Every structure is written in C-alpha cells, then in structure tokens.
Amino acid sequence: MKEGDVVVDECSRDRCQCCVDRVEKKKDCLKNMANQVFGVLIKSCDYCPSKDQCRGYWKSEQDQCISSIKSIDSKGICTKLGFCNSSS
C-alpha cells in the first residue's frame with residue numbers, strides 16, 4: 001500500500017452486518033471452547049466407576065451449553081449496542 005491510498009474498513013460500509021458477523025465469530029469461538037472443556041470433562045469419566053452415566057451427564061450438559069450459545073441473538077445484541085436499527 002502506498003501513501004494516499006484510501007483504506008475502507010469493512011465496518012465503515014455496514015456497521016450492523018459487521019457487528020453481527022463479529023458476534024457470530026465470537027459464538028463460534030465459545031462453541032469451540034465449550035467443546036474442548038466438555039471433552040476434558042467427558043474424558044475424566046474414564047476414572048469414574050460409572051463411566052457411561054458420567055459421560056451421558058456431561059454430554060447432556062454439553063448439548064445444553066451449545067444450544068444456549070447458538071440461541072444468542074447476534075442481531076439483537078448489535079441492536080442494543082447501537083450498531084443496528086431495531087427496524088432493520
């Protein structure tokens with residue numbers, strides 16, 4: 001890039017969509033982190049007397065956690081933060 005070139009930031013064009021995209025990326029990150037944590041918890045069941053019950057419990061909790069993350073309303077968050085209009 002040379003001096004005088006105009007850099008158009010992705011967010012300067014459509015702040016609402018940019019915000020929604022970023023919240024979605026953070027949701028993906030949260031899902032990945034949750035899967036890693038639950039993977040460790042499920043693996044720890046190898047040391048429990050009732051392995052299957054332990055794994056079933058953590059798998060159920062994992063499913064609920066992932067479902068909660070998926071249900072986060074990205075557009076709603078961006079609207080509350082002022083990046084999106086409530087009518088759009």
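Predicted model: local features only at pLDDT ≥ 70, side-chain atom pairs only at ≥ 80, totals over all residues.
Residues are numbered from 1 along each chain as its sequence is written, and side-chain values use heavy atoms, with hydrogens and water left out.

Let us step back to the whole chain. Four helices and zero strands make it up, in the order α-α-α-α from the N terminus; helices are DSSP runs of H or I with at least four residues, strands are runs of E with at least two, and both are numbered from the N terminus. Of the 88 residues, 23% count as buried, meaning under 20% relative accessible area with a 1.4 Å probe and protein chains only, whereas exposed means over 50% and partly exposed lies in between.

Back on helix 3, the buried residues are C54, Q62, I66 and I69. They cover an arc of only 95° around the axis, which puts them on the same side of helix 3; the arc is that of the directions from the helix axis to the C-beta atoms. These buried residues pack against helix 2 (15-44), with contact meaning heavy atoms within 4.5 Å. The face turned away from the buried side carries the exposed residues D52 and Q53.

Next, follow the cysteines. With a disulfide taken as a pair of cysteine sulfur atoms within 2.5 Å, the count comes to three. One joins C16 to C84, S to S 2.0 Å, and links C16 in helix 2 with C84 in the segment after helix 4 (74-80), 68 residues apart. This link is right-handed, with 95° about the S-S bond.

Another disulfide joins C19 to C78. C19 lies in helix 2 and C78 in helix 4, so the pair ties together parts that are 59 residues apart in sequence. Its torsion is about -90°, so this disulfide is left-handed.

A disulfide also joins C45 to C54, and it is left-handed, with -70° about the S-S bond.
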